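Have the sequence and the model at hand.

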Amino acid sequence: MENYDQLIQSAMVEIDSSNSIELLENIRIKYFGKNGIVSQELKKISKLNDEKKRKIGKELNEFKSTFFKNVELKKVRIRKQEISEQLKKESIDISLPPRSSSFIEAKIHPITQTTNEIVSILGSMGLSYEEGPDVEDDFHNFTALNIPKNHPARQMHDTFYVGEKNEGLVLRTHTSPVQIRTLMNKTLPLRIFAPGRTYRCDSDITHTPMFHQVEGLVVEEGVTFANLKWFLEKFCKIFFNNDDINLRFRPSYFPFTEPSAEVDINCKVESGKIHLGEGDSWMEILGCGMVHPNVFKMSLGEKNMNTNGFAFGMGIERLAMLKYGMPDLRNFFESDLRWLRHYGFSFFETTDLSWR
Ligand code: PHE
C-alpha cells in the first residue's frame with residue numbers, strides 16, 4: 001500500500017460513527033491488533049529500501065498518533081453522553097404528589113400521642129419538662145419520698161430490683177423520684193412535669209409490668225390545695241376536650257403528700273361504652289396532694305420544711321384508654337399491627353390547641 005490517505009480517512013469515519021467504548025475497541029483491533037491492517041503494513045516495511053522505509057514509517061507513525069488521539073477524544077465524548085443519559089434517566093420529578101399509602105401505613109402509638117398531648121397541655125399551663133432515669137436508687141424512689149426502709153408502703157409497689165438487693169438500685173416504681181431530683185438540682189420556685197416509663201412487678205388485666213406516668217410538681221410561696229384543685233380541673237377539661245367533666249377529690253394516702261387525694265372523674269357506662277362528664281359513676285384517674293414537709297426536709301434541708309407545694313401523678317395508659325375508648329390495657333404492649341392500625345394516630349393529626 002503506497003498511499004495511506006484513503007485508509008486514514010475511513011478509519012476516522014469509523015471512529016467518528018462508533019457510539020460505544022466496545023465498538024472503539026473493535027476498531028483499534030481492526031487497525032492495530034496483532035493482525036490489524038496497520039500492523040500488517042508495518043511488518044512489510046523491513047523488506048523495503050531505506051528511503052521508502054523512512055517515508056512509509058513516518059506516514060504510518062503519523063497515522064498511529066492521529067488514530068489514537070481521535071480514539072481518546074471519541075471516548076471522552078461517549079462517556080459524557082453516557083453520563084448525561086444516566087442523569088436524565090435518574091432524575092426525580094419533585095413536582096409529583098407523594099404516594100399517600102406510605103403515610104397511611106405508619107401510625108403513632110397511642111401512648112406517644114397521649115404523652116404528646118399531655119406535654120403540650122401542661123407546657124401551655126406553665127410547667128416545664130423534666131425527666132429522670134428509669135433505673136433509680138433507693139434514696140430517690142423511696143427514702144427521700146418519705147418511704148423509709150421497712151415502711152409498709154414499699155410493699156405496695158411490687159418493686160423490680162436491679163442487680164444485688166443491697167446495691168439499692170430499682171426500676172423506678174413511679175415518676176415521683178423526679179420530684180426529688182428537681183428539688184435537689186433546681187432552684188425554687190418550681191413548676192415542672194415529668195412523663196416517662198415506670199415499672200412494677202405486676203401483670204393482669206389492669207396491670208402491665210411497664211407502664212407510663214406523668215408527674216407534676218409546683219413549689220412556690222403560698223400555693224394551696226385550692227390551686228391544685230383548679231389546676232387539675234383545668235387540665236382534665238382540656239385533655240378530655242369536655243367542659244362538663246366533674247372531679248371528685250377522695251381523701252387518700254401517699255407517704256409523700258399530706259393531705260393526699262385520689263381524683264375521680266364522673267362518667268356513665270352505657271352498652272359497654274364510657275361517656276365522660278355525664279352520669280354519676282366515678283372513674284379514678286390520678287393521685288395528688290400537698291408535698292409532705294419530710295420531702296422538703298430530705299431534699300432541701302430542715303430550714304425549707306415549711307415550703308409550699310403540690311404534686312400529682314397520673315397513669316398515661318389510663319388517660320389514653322378513657323379518652324380514646326380502648327378497652328384492654330394489655331393491647332398497648334403486644335405489638336399487634338392490627339390493633340395499632342386501628343387505634344394508632346396518623347402523623348399529621350395534631351393536638352387541638354384551640355382552647356388556648
Ligand atoms: N406516685 C404516686 C403513684 O404512683 C402518684 C402520686 C404522685 C401521688 C404525686 C401524689 C403525688 O401512685
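In this predicted model, 14 residues surround the ligand. The closest are His174, Ser176, Arg200, Gln213 and Glu215. The points below cover the ligand's polar contacts, the shell around the ligand, and a three-stranded sheet.

- Ser176 places a polar side-chain atom 2.9 Å from a nitrogen atom of the ligand.
- His174 also faces a ligand nitrogen atom, with a polar side-chain atom at 3.0 Å.
- Arg200 has a polar side-chain atom 3.0 Å from an oxygen atom of the ligand.
- The ligand taken alone exposes 330 Å², and the protein buries 90% of that.

**Shell around the ligand**

- Three strands each supply at least two residues of the shell: β6 (210–219), β10 (281–291) and β11 (309–315).
- β11 gives the largest share, three residues.
- By residue class, the shell holds five nonpolar, seven polar and two charged residues.

**The β2-β4-β3 sheet**

- Three strands make up an open sheet, ordered β2-β4-β3, with antiparallel pairing.
- β2 (135–137) and β3 (161–162) are the edge strands; each has a single partner strand, so one side of each is left without a neighbour in the sheet.
- β3 pairs with β4 (residues 169–171) over two bridges, in the antiparallel sense.
- Tyr161 has Val170 in β4 as its bridge partner.

How values were computed: Residues numbered from 1 in each chain as written. Predicted model: local features only at pLDDT ≥ 70, side-chain atom pairs only at ≥ 80, totals over all residues. Heavy atoms only, no water. Near = heavy atom within 4 Å. Polar contact = N/O pair within 3.5 Å; in protein donor to acceptor, adjacent residues only side chain to side chain. Areas by Shrake-Rupley, 256 points an atom, 1.4 Å probe, with all protein chains shown as cover. Helix = DSSP H or I, 4+ residues; strand = E, 2+ residues; numbered from the N terminus. Nonpolar A, V, L, I, M, F, W, Y, C, P; charged D, E, K, R; others polar. Pairing = 2+ DSSP bridges.
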